[in-house]
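User: Please take a close look at one part of this model for me. I am new to it, and I would like one connected account in short sentences.

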Amino acid sequence: MKMENGRFILYGNALSESHSQKAIKWQNMFIKKFNYDPNERYTLSLEENPYLGPIFGLKNIVRSDKGEPISKENTVICSTIRMGFGHYRIAMAGASCAKAMGFTPYWLDLLAIPGITTDIINYCNTWYSKFSRISQRSKFFNKYVWESVTTGEPTLPGLSFLLNNWIVGWPWRFLKTNVKDCKMSELFRNLHQALPSDMPVLTAHMWNCMGAVAGGMTNVVDMMFDNWPMAFQLTEGAKHGVQSPSGYYGFRAMRGFDEHGKIMKPTPPDAIYYVGHHVDHELVENIEGDCEARLRRMHNHEPRRFMLTMGGAGAQRELFKAMIEHCIPLIKQDKVTLFVNLGDHKDNWTWLETELAGYKEMLHTHFTWEDTQAFADQIRVQAANGLHVFLHDNIFHAVYATNYLMRVVDVMITKPSELAFYPVPKIFNERVGGHEMWGAIRGAELGDGTVEVRTIPQTLQAIDLLTDASDLLAMYCDCIVKNKRIGVYDGAYKCVELATGKKFERK
């Protein structure tokens, strides 16, 4: 990141001197706290990914000299971190499409590399997780603190002053947060200097992108998340793949990135690209057949298949409990089949098992990948009844189970996070953070999901509508097929293309 006259600059836009100094102090705090050594050398190699290796040919990059050597020939790095499931999901879409285009995907999770990356990200994740969990438990905190942090919109006068002066609370939308994160991520340079500088890299989080550019990598494509433009996602020196036209405009104009409303110099056109939604190859490739199967089940009056995705915070348990209790009589009437994916969160199963103690006759559990995969393959052509709970012992299968089941369900119920961009009919339940609001708007306007239903009664109404009627499901499936034809779901392919120069040719 360039600095002139004591002020950091992003694409010609200068940060104030005071905020620039605070960003330097932020970086120095990490240097001292974790004894950062600028001369540290990393030795990296490869090992097989035991979970997605059989599916994508995926190999993990590890900090070791005992594995297979890293090759830049016909390979693509998919760089991510675990922060919720969304950033893993984006990287999996990149890996899937890279594999489909003839490349071997390498998986780089900065939290799997011992050293400064793990130290810093775990420290930051502590604050993120704390804020996110409180926001799901306190409507006041969510409305007046978390919505402001995640959108940059003003809140109560005293709170606005506090958030904009406390560096941990700086709203994500503003240029100062970009510089703060960039200075922090510069400390990841040593790791990236151990990789070939011109190797294609897809990043699913800005810290991965910033660290790669700081380490001298020249072929970095950031697969941008969400649908609300925020300055902290930009990295000068990388290419950015944006999922929607509205997001593209916001980033191109750097709209609202100055906290005082100043009009900013735009992001250069060779740094930002509208690519479409980041979606796995196998999902995009089978859209027509999967939508046809949904309509066939509907016309045959088979139980409507709903899938709930539950995150690790567990703070939406009240909502989940209400939805499950609402569906149980519908399951008994063979009007609904319910799938609940708990990811890798065992605590949620401890809670849910107690809640379902009286319904063991309809409950089916799937706690291994082999069982989940076999069940999904079976119901692709056979009927499915009852209540099915999925839980896995690793994050790869936890995340990919939703993707795999997506093809055989009729409707997915999810908050409007990264799953908002996937080609399956969706009910959008209440968001967590204002940045997710525009994911629901995107899905609703494209016609592959409802508007955001922000209360339990609204959510239950949406379930009833999509259970009893045929018009909504038919409309969503029709829109999904049409969206595929115009490339709406081609974002991951195009990001691989930006990184490698190789175009994807659909058969």
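Analyst: Across the interface of domain 1 and domain 2, the rule finds 1 salt bridge. The term means that a side-chain nitrogen of Lys or Arg lies within 4 Å of a carboxyl oxygen of Asp or Glu. Side chains of opposite charge can pair when their charged atoms come close. Arginine 431 and glutamate 147 meet through their side chains in a salt bridge, with N and O 3.0 Å apart.

A word on the source. This is a predicted model, in which local features need pLDDT of at least 70 and side-chain atom pairs count only at pLDDT 80 or more, while totals for chains, interfaces and linings use all residues. Residues are numbered from 1 along each chain as its sequence is written, and side-chain values use heavy atoms, with hydrogens and water left out.

Polar contacts also cross the interface. The rule finds 7 residue pairs in polar contact between domain 1 and domain 2, both residues at pLDDT 80 or more. Such a contact is a pair of N or O atoms within 3.5 Å; within protein, one must be able to donate a hydrogen and the other to accept it, and residues adjacent in sequence count only if both atoms are side-chain atoms. On the side of domain 1 that touches domain 2, the elements giving two or more residues are α4 (116-137) and α5 (139-151). Of these, α5 gives the most, with 6 residues. Helices (H or I, at least four residues) and strands (E, at least two) are DSSP runs, numbered from the N terminus. That side of domain 1 divides into 9 nonpolar, 11 polar and 5 charged residues. Ala, Val, Leu, Ile, Met, Phe, Trp, Tyr, Cys and Pro count as nonpolar, Asp, Glu, Lys and Arg as charged, and the others, Gly among them, as polar.

Now the two domains themselves. Domain 1 takes in 21-39 + 114-279 + 492-500, and domain 2 is 282-486. These bounds come from an automatic or database domain assignment. Taken over C-alpha atoms, the domain centres are 30 Å apart. Contact, meaning heavy atoms within 4.5 Å, links 25 residues of domain 1 with 22 residues of domain 2. Together the two domains bury about 2000 Å², 53% of it on carbon and sulfur atoms. Within the area that domain 1 buries against domain 2, Gln136, His277 and Val279 supply 29%, more than any other three residues. Buried area is the accessible area (1.4 Å probe) that two parts lose on being put together, summed over both.

Back to arginine 431. Its side chain also meets that of glutamate 452 in a salt bridge, at 2.8 Å from N to O. Arginine 431 lies in the loop between β17 (426-428) and α17 (437-446), and glutamate 452 in strand β18 (residues 449-452), so this pair ties together parts 21 residues apart in sequence. Arginine 431 and glutamate 452 are both buried. Buried means under 20% relative accessible area, exposed over 50%, and partly exposed in between (1.4 Å probe, protein chains only). A network of salt bridges links Glu147, Glu430, Arg431, Glu452 and Arg454.

Helix α5 holds another residue to look at, phenylalanine 141. Phenylalanine 141 is buried, at a relative accessible area of 16%. Not counting residues up to four places away in sequence, phenylalanine 141 touches Phe131, Ile134, Ser135 and Trp146.

In total it holds 26 salt bridges. One of them joins lysine 59 and glutamate 48, whose closest N and O atoms are 2.7 Å apart. Lysine 59 sits in strand β5 (residues 59-63) and glutamate 48 in strand β4 (residues 44-48), so the pair ties together parts 11 residues apart in sequence. Lysine 59 is buried, at 14% relative accessible area.

Aspartate 478 and lysine 482 form a salt bridge too, with N and O 3.0 Å apart. The two are 4 residues apart in helix α19 (residues 471-485), about one helical turn. Aspartate 478 is partly exposed at 37%, and lysine 482 is partly exposed at 43%.
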